[in-house]
Amino acid sequence: MAQHMTEEGTARQRRLVLASASPRRQQLLRQAGYEFAVFPANIDEDSVLNLMPIELARHLSFEKAKAVATRLPHDVVLAADTVVAFGDRALSKPEDAEDARRMLALLSGTTHIVITAVTLMQKESEVQQTRAAMSAVRMRVMSTEEIDAYIAGGQWEGKAGGYGIQDQDPFVTKMSGSHSNIVGLPMELVEKMLGEINIVPVQRG
């Protein structure tokens, strides 16, 4: 798949552009059979304060899509943002290992909600929509030693809430809703949204 492509798609066949550098989102989209280019948005995700978790996810997803769609007006831009909601508190990507350790200690032995907002945008046709998926995740109680070992392995990096459900031991005991949403891209929702604007998988992985 082409990375960081800047040439514009044609009117006959609109190009899909994923506004994310996340290897997990790329893998999910690729496994579903879509052809796409990658053009990370690189927005400041730390400048938004005092938003409820779902509002934060929707806002950041929209801003990511807008940043890329402005540069690639003929392409259909797909952007997403995932946050972990602990009550009305939003946990995004940890700033560092200590931040990840704090998040995991907070989530230990609790049930939390994973929210991923998805935005589709094409400037040329004025396509613009944002929707969100939510899944519930139950975590077992984690010891300090278990958290330290997980942090030491570096698997927390770049993941909302400081963990990935696809990791070897993410401490998850139960979940409900979309598994791919918890990974970072709710494919059931994505396929529905893309299908509504006639973008379909080219081949199944």
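I looked up Ser 108 and placed it in the loop between H3 and E5; helices (H or I, at least four residues) and strands (E, at least two) are DSSP runs, numbered from the N terminus. The model is predicted: local features need pLDDT of at least 70, side-chain atom pairs count only at pLDDT 80 or more, and totals for chains, interfaces and linings use all residues. Residues are numbered from 1 along each chain as its sequence is written, and side-chain values use heavy atoms, with hydrogens and water left out.

Is Ser 108 buried or exposed? I find Ser 108 buried, at a relative accessible area of 17% (buried is under 20%, exposed over 50%, partly exposed in between; 1.4 Å probe, protein chains only). Leaving out residues up to four places away in sequence, I noted that Ser 108 touches Arg 140, Val 141 and Met 142 (contact: heavy atoms within 4.5 Å). The Ser 108 side chain reaches the backbone nitrogen of Met 142 at 2.7 Å.

I then turned to H3. Its residues are 97–107, and Asp 99, Ala 100, Met 103, Leu 104 and Leu 107 are the buried ones. Seen down the axis of H3, these fall within an arc of 135°, so they line one face of the helix; the arc is that of the directions from the helix axis to the C-beta atoms. I list strands E3, E4, E5 and E6 and helix H4 among what covers them.

At the N-terminal end, Asp 96 caps H3, with a side-chain oxygen 3.3 Å from the backbone nitrogen of Glu 98. Just after H3, I read a positive phi of about 75° at Gly 109.

How values were computed:
Polar contact = N/O pair within 3.5 Å; in protein donor to acceptor, adjacent residues only side chain to side chain.
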